[in-house]
Amino acid sequence: MRSIVRLSADDFSHALPDLADLLVDTVSSGASLGFLTPFDHDTALTWWRERKPAVAQGTLTVWIATGPTGVQGTVSLARPDKANATHRAEIVKLMVHPQARGQGVGRALLTTAEQAAKDTGVTLLLLDTETGSPAEGLYTSAGWTRFGVVPRYASDPTGTLRDGSFYYKQLT
């Protein structure tokens, strides 16, 4: 059985080692999340720790999906700090452990973040992902609209430049 939990600032601090493990495993499996291999636990832990102030301030909301084997995935919702942008947010760092893929974890996390955004008055969501990645299928099937592709936008974990696809979703 899987559960999805929104992490409070205290919960986030306690979850840091598990989030770091998930990030390392996801990057090691080839997911383009902004990191290059080799990628170790200490580097991942530092990256997650740097998110702690944003979680405490409420500009970053983090959920985890847990199952029998521990943390299976995570997603975050980032809110801009601009006065003219309170209607929008960005889905960031949606990742699913390689052993939990294909089981609906990503879709459940995405749906959770979308609903939470809607519940707080957000009417526009944005995200980006590697063009041609499995994530694109998830986003299009969940009603997201691709509005552009930027050639050679970011490196995959091996350092190879890949195109980036940009998506939006209107929440009604």
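**Close-up views of a predicted model**

**View 1. Helix α4 passes α5 in a right-handed crossing.** A crossing is right-handed if the near helix is turned clockwise from the far one by less than a right angle, and left-handed if anticlockwise. The structure is a predicted model, in which local features need pLDDT of at least 70 and side-chain atom pairs count only at pLDDT 80 or more, whereas totals for chains, interfaces and linings use all residues. Residues are numbered from 1 along each chain as its sequence is written, and side-chain values use heavy atoms, with hydrogens and water left out. The axes of α4 and α5 (lines fitted to C-alpha atoms over the stretch in contact, with angles from 0 to 180 degrees between N-to-C directions) come within 11 Å and cross at roughly 50°. Gly 106, Arg 107 and Leu 110 of α4 are in contact (heavy atoms within 4.5 Å) with Leu 138, Tyr 139 and Ser 141 of α5. These contact residues divide into 3 nonpolar, 2 polar and 1 charged (nonpolar: Ala, Val, Leu, Ile, Met, Phe, Trp, Tyr, Cys, Pro; charged: Asp, Glu, Lys, Arg; polar: the others, including Gly).

**View 2. Helices α1 and α2 also meet in a right-handed crossing.** The axes of α1 (residues 9-28) and α2 come within 8 Å and cross at roughly 135°, which makes α1 oblique to α2. From α1, the contact draws on Phe 12, Leu 16, Pro 17, Leu 19, Ala 20, Asp 21, Leu 23 and Val 24. The partners of these residues in α2 are His 41, Ala 44, Leu 45, Trp 47, Trp 48 and Arg 49. By class, the contact has 11 nonpolar, 1 polar and 2 charged residues.

**View 3. A cis peptide bond joins Thr 37 and Pro 38.** Omega of this bond is about 0°. Pro 38 is found in the loop between α1 and α2.

**View 4. Lys 93 has a positive phi in strand β4.** The value of phi is near 50°, in a residue other than glycine. Strand β4 spans residues 88-96.

**View 5. Glu 130 lies in strand β5.** Beyond its neighbours within four places in sequence, Glu 130 is in contact with Ser 32, Glu 136, Asp 156, Arg 162 and Asp 163. Between Glu 130 and Val 55, 75 residues apart in sequence, the C-alpha to C-alpha distance is 26 Å.

**View 6. The largest pocket has a volume of about 1,100 Å³.** Of its 42 lining residues, Leu 33, Leu 94, Thr 129, Ala 135 and Tyr 139 are the closest to its centre. A pocket is an open set of points on a 1 Å grid that fit a 1.4 Å probe, with protein on both sides within 12 Å along at least five of seven lines; lining residues have an atom within 4 Å of a point. Strand β4 gives the most to the lining, with 7 residues. Elements that each supply at least two lining residues include α2 (41-49), α4 (105-119), β5 (124-130) and α5 (134-141). The lining comprises 20 nonpolar, 13 polar and 9 charged residues. In every view, helices (H or I, at least four residues) and strands (E, at least two) are DSSP runs numbered from the N terminus.

Note on methods:
Points joined across faces, edges and corners; volume = space filled by probe spheres on them. Parallel < 35°, antiparallel > 145°, perpendicular 65-115°, else oblique.
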